[in-house]
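I opened a new model today and wanted to get my bearings.

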Amino acid sequence: MPTAVIEMDDGAQLRTWTTGSLEHADTPLVVLHGGPGLPDHLGPVAALVGDLCLVHRYDQRGTGGSAWEGEHTIARHVRDLALLLDAWGHDRVVLVGHSFGTNLAGYFTLAHPERVAGSIQIAGPFLDPWRDAYRAVQRARRTGEQQHRLDELDALASRTDAEEIEYLTLSWFTDHADRARAWDWALASARALRPVNYAMNSQLNAAKRADPLESHVDELRERLPAGTVIIGGADDSRPAEALRRLGARLGCEVVSSRTRATIPGWKRRTSSPRRSAPR
């Protein structure tokens with residue numbers, strides 16, 4: 001898999017991947033992973049469309065192969081993405097975001113609408129109120145013993161590596177629609193997506209609360225490209241109603257991962273979204 005390290009204007013070095021078809025390099029995709037605080041985990045999503053277009057992915061600064069320490073801001077992450085587009089030689093791209101990546105795509109679109117040729121958002125962004133309903137489904141999918149253990153691990157000042165894996169698995173398995181395989185999938189993610197950058201998670205979530213994307217919905221509606229689509233899992237623990245409300249306000253299509261949708265000018269394949277936030 002072609003990997004490159006690209007240096008930002010402040011010296012941070014970001015690990016990137018470029019895959020897919022060079023025959024369709026005129027319509028490149030940039031896939032934005034979730035978290036915040038996790039490395040890229042969307043290689044399987046990129047592989048779904050690799051025969052249709054050129055695909056770029058990267059570890060956001062402070063995660064995975066993009067080691068960095070400092071204060072995380074939305075503006076800095078938006079600038080990183082703009083600099084990456086410059087380094088890849090693209091004036092315009094299609095953004096594919098997942099979870100926090102949908103928020104990042106939204107903030108980027110607000111700042112640089114001229115660089116966004118298309119927008120596909122998976123499992124987000126969500127408009128409040130949605131967290132109470134989300135947490136209720138999570139609790140319903142855990143046994144009482146599992147919830148008690150999760151609360152115990154969450155209360156620890158520090159966790160061993162084994163405890164961290166257990167904690168992440170208990171946090172994430174409730175987000176998989178396939179209940180028979182949910183635990184195994186979450187366990188595999190917990191083993192692979194460490195260490196979680198909890199400082200990054202806290203700082204960027206605070207930044208989202210201070211300047212919520214939903215306060216810019218009218219402006220975002222004017223700047224989103226035609227054909228924008230939001231994709232939600234039919235059995236996602238996060239409420240589909242929140243995505244439908246957002247789609248109505250943005251004037252864009254919202255589809256379930258159980259349905260097939262057509263995006264003008266695009267052939268698309270989808271897989272079930274998976275959780276990417278540590279909390």
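Below are my notes, in the order I took them.

**Entry 1: what I have.** I'm working with a predicted model, so I read everything here as computed.

**Entry 2: cysteines.** How many disulfides are there? I got 0 disulfides. I wanted to know why, so I looked up C53 and C252. A disulfide needs two cysteine sulfur atoms within 2.5 Å. The closest cysteine sulfur to that of C53 is in C252, and at 20 Å it is too far for a bond.

**Entry 3: buried or exposed?** I looked up both residues. C53 has 0% relative accessibility, so it counts as buried. C252 has a relative accessible area of 14%, and I noted it as buried as well, because the cut-off for buried is under 20%.

**Entry 4: strand β6.** I moved on to β6, which spans residues 116-122. I found it mostly covered, with 6 of its 7 residues buried.

**Entry 5: partners of β6.** Which way does β6 run relative to strand β5? β5 (residues 93-98) pairs with β6 in the parallel sense, over 6 bridges. In that pairing I found L95 opposite S119 of β6. I then looked at strand β7 (residues 229-232), which runs parallel to β6 and is joined to it by 3 bridges. There, I120 stands opposite V229 of β7.

**Entry 6: the crossover.** Last, I traced β5, helix α3 (residues 100-111) and β6, and noted that they make a right-handed β-α-β unit.

Terms used
Residues are numbered from 1 along each chain as its sequence is written. This is a predicted model: local features need pLDDT of at least 70, side-chain atom pairs count only at pLDDT 80 or more; totals for chains, interfaces and linings use all residues. Side-chain values use heavy atoms; hydrogens and water are left out. Buried means under 20% relative accessible area, exposed over 50%, partly exposed in between (1.4 Å probe, protein chains only). Helices (H or I, at least four residues) and strands (E, at least two) are DSSP runs, numbered from the N terminus. Two strands pair if DSSP finds at least two bridges between them. A crossover is right-handed if, with the strands pointing away from the viewer, the path from the first strand over the helix to the second runs clockwise.
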